[in-house]
Amino acid sequence: MGIMRVMLVGSGELSRELVLAFQRLGAQVTAVDRYAGAPAHDAADEALVVKMTDPDELAAAITRVEPDYVVVDTNAVAIDALRAIEENGGAQVVPSVHATRLSLDREGIRTLAADELGLPTAPFWFAGSVAELTAIAEHAGFPLVVKPVVGVPGQGQSVLLRPDDVEPAWQRAVDAGGRVPHNRVLAETVVEIDYAVTLLTIRTEGPSGPALHFCEPIGYRQLDGGVLESWQPQHMTLAALGAAKSVAARIVRALGGRGVFAVELLVRGDEVYFSDVRVRPSDSALVTLRTQRLSQFELHARAVLGLPVDTIMISPGAAEVAYADEADGSPQRRPEPAAVLAEALTVPESDVRLFGRHEGSSQLRLTLALATAGDVTTARDRVRQVSTTLRRLWQT
């Protein structure tokens, strides 16, 4: 067997971790993005600048590289080019063309979940204009959550509390499309929940056929000031955990393909509602860098390459990702961070990641704080200390 060639379409901060995971397993990686110097470019064996939304340009790049696997790690990609490559018997598209297309379209994924699979969801509607969104708000009442139909979970999302919120929410959702313009939004009723979870579900294919593997549930919440907090494990009742695995299994099987699927769920008591799914590593699961024997990136790489996986959790832990809104201007990191880092890392069982300044996102990652402990409560306290200290790195 020769060297396995992987083309990574999308070369952001998380893509860099994927490059390293593939390389550690002996794969040769070509990282693709629309601009030079993307985060994963420096780590990859080869870097290409390609307009990923242009079908002809993307297809030409895939044909030239001749990869064994095309791994999609972006929400801006020409699906037609991927479909043509797959239909012509070329590279395998991971997780699959079908899964990639639906995961980028909340209208499609919600229709699949609710209408075709019958999964429980919050009541939802779709709107193609401010007038339609206004009519939905009048019918459904407030509060109402509005999300773009295209994009990653969390971006462009608003909570409507009054009629005056409708137009700003529409604009925010439409603008969140960035390089993938759209003029439709998802509106859904706010469901009273106890917590939200990401259930990492890994779909593998082996000699005995497809198999599903579940990680311990990851709790998460968005904090004020652009911070995403997550922790693992999130305690769930046996009934809720069983329902969560059932929902995740049904949506992942329907999407098909292989790799890591980050299934977003809302939980109230023993009731579980499907919310969204990301068919690649996610920010809420960055905690697995320290809590699991194999991180979400290593699990994704193994599943793509057809290698065995395990979802063993080695320690409870927590993580906090801090963001900056590109529209408000990027804060500048202080030139000498050593003292701040030294203080942050005095917290027991802690670790940090500092992110650079890169194009291609309306929401820029600044820092990642990580901590483990004997229990989740202590880990969350520790990671909060680390994250608070790291904020001093950025000038205000």
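Predicted model: local features only at pLDDT ≥ 70, side-chain atom pairs only at ≥ 80, totals over all residues.
Student: Which strands does α10 touch, and what angle does its direction make with that of β4?
Tutor: Helix α10 also packs on the sheet. The strands it touches are β1, β4 and β5. With the direction of β4, that of α10 makes about 145 degrees.

Student: Which residue of β4 is the bridge partner of M7?
Tutor: Strand β1 (residues 5–9) pairs with strand β4 (residues 69–72) in the parallel sense, over four bridges. The partner of M7 in β4 is V70.

Student: Which strands stand at the edges of the sheet?
Tutor: The sheet is open, and its five strands follow the order β3-β2-β1-β4-β5 with parallel pairing. An edge strand here has a single partner, so one of its sides is left without a neighbour in the sheet. The strands in that position are β3 (46–49) and β5 (92–94).

Student: Are α1 and α10 parallel or oblique to each other?
Tutor: The axes of α1 (residues 13–24) and α10 (residues 296–305) come within 9 Å and cross at roughly 55 degrees. This angle falls between the limits of 35 and 65 degrees, and the two helices are therefore oblique.

Student: How many residues of the contact of α1 with α10 are nonpolar?
Tutor: On α1, the contact is made by L14, E17, L18, A21 and F22. On α10, the residues are F297, E298, H300, A301, V304 and L305. Two of the contact residues are charged, one is polar, and the nonpolar ones number eight.

Methods. Residues numbered from 1 in each chain as written. Heavy atoms only, no water. Axes fitted to C-alpha atoms, helices over the stretch in contact; angles between N-to-C directions. Parallel < 35°, antiparallel > 145°, perpendicular 65-115°, else oblique. Contact = heavy atoms within 4.5 Å. Nonpolar A, V, L, I, M, F, W, Y, C, P; charged D, E, K, R; others polar. Pairing = 2+ DSSP bridges.
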